[in-house]
Amino acid sequence: MGFTVYILQSLSTQRFYVGQTHNLSKRLEEHNSELAGHTKKEQPWKIIWSHEVDTRPEALQLEKKIKKRGAGRFLEDMGRGQPGSVTLLA
């Protein structure tokens, strides 16, 4: 089992959150739980994009690339047919 890089969107503020995890469904539950830290104030969150990679270093590299570009611009690029394997969920 690999790692998943993901983009969440807050249903209350429309802001994005980028992260990586070994278990996406569990991580989403954590973001939406009462124990959530940084993401608690903007709950609920939904997954709008995810991509699986084989290793954690690959996941960290992709996460960093998305954060540097900005999640919104990254998603716009994907909508314009930029190369890359993506899963848009929204």
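Which side chain meets that of Arg15 in a salt bridge? The tour below reaches that pair after a view of the whole chain.

**The whole chain**

This is a predicted model, in which local features need pLDDT of at least 70, side-chain atom pairs count only at pLDDT 80 or more, and totals for chains, interfaces and linings use all residues. Residues are numbered from 1 along each chain as its sequence is written, and side-chain values use heavy atoms, with hydrogens and water left out.

Helices (H or I, at least four residues) and strands (E, at least two) are DSSP runs, numbered from the N terminus. Of the 90 residues, 39% are buried; buried means under 20% relative accessible area, exposed over 50%, and partly exposed in between (1.4 Å probe, protein chains only).

**Arg15 and Glu42**

Select Arg15 and Glu42, whose side chains meet in a salt bridge (3.2 Å, N to O). A salt bridge is a side-chain nitrogen of Lys or Arg within 4 Å of a carboxyl oxygen of Asp or Glu. This pair links distant parts of the chain, 27 residues apart: Glu42 is in the loop between helix H1 (24-31) and E3, and Arg15 is in the loop between strand E1 (3-10) and E2. Glu42 is buried, at 14% relative accessibility. The whole structure holds 4 salt bridges.

Select Arg27 and Glu30 next; their side chains form a salt bridge of 3.0 Å, N to O. Because they are 3 residues apart in helix H1, about one helical turn separates Arg27 and Glu30. Arg27 is partly exposed at 23% relative accessibility, and Glu30 is partly exposed at 33%.

Move to helix H2 (residues 56-69), where Lys67 and Glu63 are 4 residues apart, about one helical turn. The closest N and O atoms of their salt bridge are 2.9 Å apart. Glu63 is buried, with a relative accessible area of 12%.

**Thr21**

Select Thr21 in strand E2 (residues 16-21). Thr21 is buried, at 11% relative accessible area. Beyond its neighbours within four places in sequence, Thr21 is in contact (heavy atoms within 4.5 Å) with Phe3, Thr4, Tyr6 and Arg27.

Finally, select Trp49 in strand E3 (residues 45-53), which is buried at 1% relative accessibility. Its C-alpha is 9.9 Å from that of Ala71. In helix H3 (residues 71-79), Ala71, Phe74, Leu75, Asp77 and Met78 are buried. Seen down the axis of H3, the buried residues fall within an arc of 155° (taken from the directions from the helix axis to the C-beta atoms), so they line one face of the helix.
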